[in-house]
Amino acid sequence: MEQSPPGQPKEPWPERSTASCTQRPQQGSDEVCEVQPLQGPLGSGVGPSASIVSLQQKNPLSCICTCCTCRHQAGAQKLRFLTSVCAVYEAALKDCSAHYRLCVCPLEVAQCIEALLQEEPTECLDTELRQQAMSAIAAMSSSGLLPEERKSGLLRACLGSILHLPPQEDMKHRDTALYMETVEALHHLLQVLVGNAGAFVLLELQNILELLLPFTACQQATVEKRAVACIARLLAFSNTCSLPEVCSCFTGSVVLRHQCTENQRFPVLGKLTGHLILCCTSTDEGTRDEAMKAVHQLFIFIASQRMWLWQKDPKKLELWDCQRTLLHWDVSQEKRGRNIFEMFLKYLLYPERVDVFLTAIKSMTEPRLHSTELAAHMVDVLAAEAHFPPGQVQKMVKMIYSSLPSIKAELALESLGRALLVLASKHPREVVRSLLGCSPTCTSVAVTMWRAMLSEPPAVEKVLKELLQVLTNHSLRHTSPSIEDWPRVLALAAARTIPELFQLPLILKEAEAIFPQLFLALLCQVSFTWELTLQEVGIFWEEHQQDQLTPIRSAVHSLKVLLCSVGLQRQMEAIQDGGGWDALLSTVTHLQGVQVVARVMRELPRALRVPIFHQLVELLSTSFCSGEMVAMVFLVEMLECADLGEELRRVVSVFNTHLQNQSAGTQQLVLRGVLQLSKRQDTARKMLGLLPCITKQLQDADSGARAMALPVLSTLLRLLEGRKLSLAALELAGNLPALFEDESGTVRQLSIHLFLDTLSFVEGREKKKMRKEVYRSLVSLCLHLHDEEESVAKTSQEAFLGAARFLRWRRLEHLAEMAQFSQIGECMLAERRKSAGQDYLGQSLLYLQSPQESLRQEAARFI
């Protein structure tokens, strides 16, 4: 009701302030005189008594202004106000120019009428006020001056005021006549609203039906009967109107590249069908009769809209005639309800069928006058189709979750269990994500639903694999407020759910089949859980924050349950004894906890250990591995006992990829793994393919990675032979001097020592090239003879001595051997060509910025 029908003529309303709208016109003003001709008949609706008309004819606008200004009026004054509204707006309909002469805004008039209806007691009917109120609203609608923003409120007030009146049989004779007139006024008002909607007739009709439908689910049979009767009369009237063709797009929502307008959608159709079919099984005879009338009119409405179905199949016309006859069969309530449902089902599209499904579930939530057996049958039939779009499946799961606590009938619970089982088998992705979104902390209601979904093997396998997929999706992407669009929250929810599921017998067998994947997915959550934002944790805890495990404790608890469930109780206790579980709970020590877990798990029998190792390689081979550090720590620990075989090639590929990772921690772990494998006879030579990559990474890595890489390079070099060894040693010798000034003493010592080793590896033509590299390193080696760390100074002396011998520089060799460091600089300058002095100067200048004071002083002295 947000829009007014464009096809309806409407004059612009003069702009006035709220205060001016309610001012009483001054006595004798021109405005009051001009409005005197507006006195006239009340039109349709039940007319007022003669005394009220007499009062109204004196000054209708003054009465309207008075009531809008002062709401607390006597009964006679209220009736005078309403009859005045009728007269004024019916006159305005005949004379459009009168719109400009009215002194009260329609919005204030509508608010006043709504307030009067809300004040009327529903326990009795002793005045004509309700009739006059509806006549006034109808007059405002006909004149095009009924405010759209107040229409729903007015209509809701009318329906509540009339439908909740006492049963007709409890009324006195005069009240009965008044009641009949009032009900007719309501029917007339609804028809006027639809009739005045113009091109927006479908939109108006569905808005009215949306207001009426809640009354059909009322516990009071009288209210339900009246609401169904209103729907029947309204549909009968609508079937006489010229209606636009209803579009078949999903639930009336906007579809990409779809051109239908709002008035071509009728999303209330499925909900309306479900309610009316259920009302056909009411225990109240009057409600059943009215529901049958409404169903008949609804079938005519659908038939006119779905003619395109019959045009595809000529036999449909004959079938339609048979089904129209079926509506009048005198059969049992239950059978009649089923027959009507199955007849309508042939002409409902999937979005509408989903609404019938939701309506049937909703009808199970309260002690009802309708048949629970029929509702269960509807749910069974609709769920069995299982061809619903993903968005519809999510709605169905959410409805079951929200309704389940209120459903007590065993027949209904069994029906919902079957529906969940079918949906989980056909739509595991949507069902799993929807249920995790409904209950991240896995409430008792969610557990009940999981049990129903996991009661048969085919569904168990699909659901468990989908849970695993959710567990491993730690993407940061979230695009909407919906919890289903927060992958990391869903991953937390999946981890929280798994311990509950392991209590089901069918789960254990499937869990054993995918144990490596489940185990590593839960372990990787340890890493990403620490990266969660406060918002994500808040969403996870939104339902029940009290007495819940923290996300990290939830993941650790799930790991323990998994190990015990697959028969690894002893390993779970060994991890506990080693402090692994406690270490996992801290950001500082969680990787140490992973190491403890890995060391325990590598003692598993080969049949269990090998699949875990293969899964680790698989995880680290993917382009995006959310638990990269955890997986790499685990892999490196497993290398000591792994029988690699065909996996060795993939391991080398994984190492090669992750060596180029920007994470220093990952690089160090990879280098540690390479070092382990390079010391094993069966794998050492396969590591040689990583030599160029490790050499290249020396310049970009941090000190920790360099300290790990240098022993690896030293080990790998010794695996080479012949010219390959010479070339590799020559290349490495050119890169090592840059590390001599590293901030880490360990790196300085290792790089200088490795440089010395390379001198013995070169042969043949590479020796000449190596001489150039040695000359370039002499100044650095000379200056580090004065390094503040004694171990570095000692290694520099050994390397300088080795360099002098390689160059066959006898005097320099003697000075280094005798530790006469003060004379080494002079010797270097005296025995080299003049151009060497410039090279020495350039190298020395760099050491003037050294963090070590001793090296700065020695560089200055050398210069």
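Reply: Start with a cut-off for ring pairs. Rings of Phe, Tyr and Trp (its six-membered ring) pair if their centres lie within 6.5 Å. Keep in mind that this is a predicted model.

Me: Which residues do ring pairs link into a cluster?
Reply: The pairing cut-off is 6.5 Å between ring centres. Ring pairs join three residues into a cluster: Phe299, Phe344 and Tyr347.

Me: How many aromatic pairs does a search of the whole structure find?
Reply: The search applies the ring-centre cut-off of 6.5 Å. Over the whole structure, the number of aromatic pairs found is eight.

Me: Is the pair of Phe266 and Phe301 stacked, edge-to-face or tilted?
Reply: Planes under 30 degrees apart count as stacked and over 60 as edge-to-face, with the rest tilted. The ring centres of Phe266 and Phe301 are 5.2 Å apart, and their planes stand at 45 degrees, so the pair is tilted.

Me: How many residues apart are Phe266 and Phe301?
Reply: Phe266 is in the loop between α11 (221-238) and α12 (269-279). Phe301 is in helix α13 (residues 285-305). The pair links distant parts of the chain, and the separation is 35 residues.

Me: Is Phe301 buried or exposed?
Reply: Buried means under 20% relative accessible area. Phe301 has 2%, so Phe301 is buried.

Me: Is the pair of Tyr350 and Phe388 stacked, edge-to-face or tilted?
Reply: The ring centres of Tyr350 and Phe388 lie 5.7 Å apart. Planes over 60 degrees apart count as edge-to-face. The planes of Tyr350 and Phe388 are at 85 degrees, so the pair is edge-to-face.

Me: How many residues apart in sequence are the parts that Tyr350 and Phe388 tie together?
Reply: Tyr350 lies in helix α17 (residues 350-363). Phe388 lies in the loop between α18 (372-385) and α19 (390-403). The pair therefore ties together parts whose separation in sequence is 38 residues.

Me: Is Tyr350 buried, exposed or partly exposed?
Reply: Buried is under 20%, exposed is over 50%, and partly exposed is in between. Phe388 has 3% relative accessibility and counts as buried. Tyr350 has a relative accessible area of 31%, so Tyr350 is partly exposed.

Me: Which residue has its charged end over the ring of Tyr350?
Reply: The cut-off for the distance from the charge to the ring centre is within 6 Å. Here the charged end sits 5.2 Å from the centre of the Tyr350 ring, and the residue is Arg353.

Me: Which element gives the largest share of the lining of the largest pocket?
Reply: The largest pocket holds about 410 Å³ of space. Of its 19 lining residues, those closest to the centre are Gln168, Tyr179, Lys225, Arg226 and Ala229. Two elements give two or more residues to the lining, α9 (173-195) and α11. The largest share, seven residues, comes from α11.

Me: How many residues of the lining of the largest pocket are charged?
Reply: Asp, Glu, Lys and Arg count as charged. The lining has nine nonpolar residues and three polar ones, and the number of charged residues is seven.

Me: Which residues does Ser238 touch, not counting residues up to four places away in sequence?
Reply: Ser238 is in helix α11. Ser238 has a relative accessible area of 1% and is buried. With those sequence neighbours left out, Ser238 touches Val194, Leu205 and Leu243.

Me: Is Cys442 buried or exposed?
Reply: Most residues other than glycine have a negative phi. Cys442 has a positive phi, near 60 degrees. Cys442 lies in the loop between α21 (428-438) and α22 (444-453). Its relative accessibility is 6%, so Cys442 counts as buried.

Me: Is Arg808 buried or exposed?
Reply: Arg808 also has a positive phi, about 60 degrees, although not a glycine. Arg808 lies in the loop between α41 (790-807) and α42 (810-817). Its relative accessible area is 65%, so Arg808 is exposed.

Me: Which residues is Glu766 in contact with, leaving aside neighbours within four places in sequence?
Reply: Glu766 is in helix α40 (residues 765-783). At 3% relative accessible area, Glu766 is buried. Its contacts beyond those neighbours are Arg723, Ser726, Leu727 and Leu730.

Technical notes. Residues are numbered from 1 along each chain as its sequence is written. This is a predicted model: local features need pLDDT of at least 70, side-chain atom pairs count only at pLDDT 80 or more; totals for chains, interfaces and linings use all residues. Side-chain values use heavy atoms; hydrogens and water are left out. Helices (H or I, at least four residues) and strands (E, at least two) are DSSP runs, numbered from the N terminus. Buried means under 20% relative accessible area, exposed over 50%, partly exposed in between (1.4 Å probe, protein chains only). A charge sits over a ring if NZ of Lys or CZ of Arg is within 6 Å of the ring centre and within 35 degrees of the ring normal. Contact means heavy atoms within 4.5 Å. On a 1 Å grid over the protein atoms alone, a cavity is a set of points where a 1.4 Å probe fits but cannot get out, and a pocket is an open set with protein on both sides within 12 Å along at least five of seven lines; lining residues have an atom within 4 Å of a point. Grid points are joined across faces, edges and corners, and a volume is the space filled by probe spheres set on the points.
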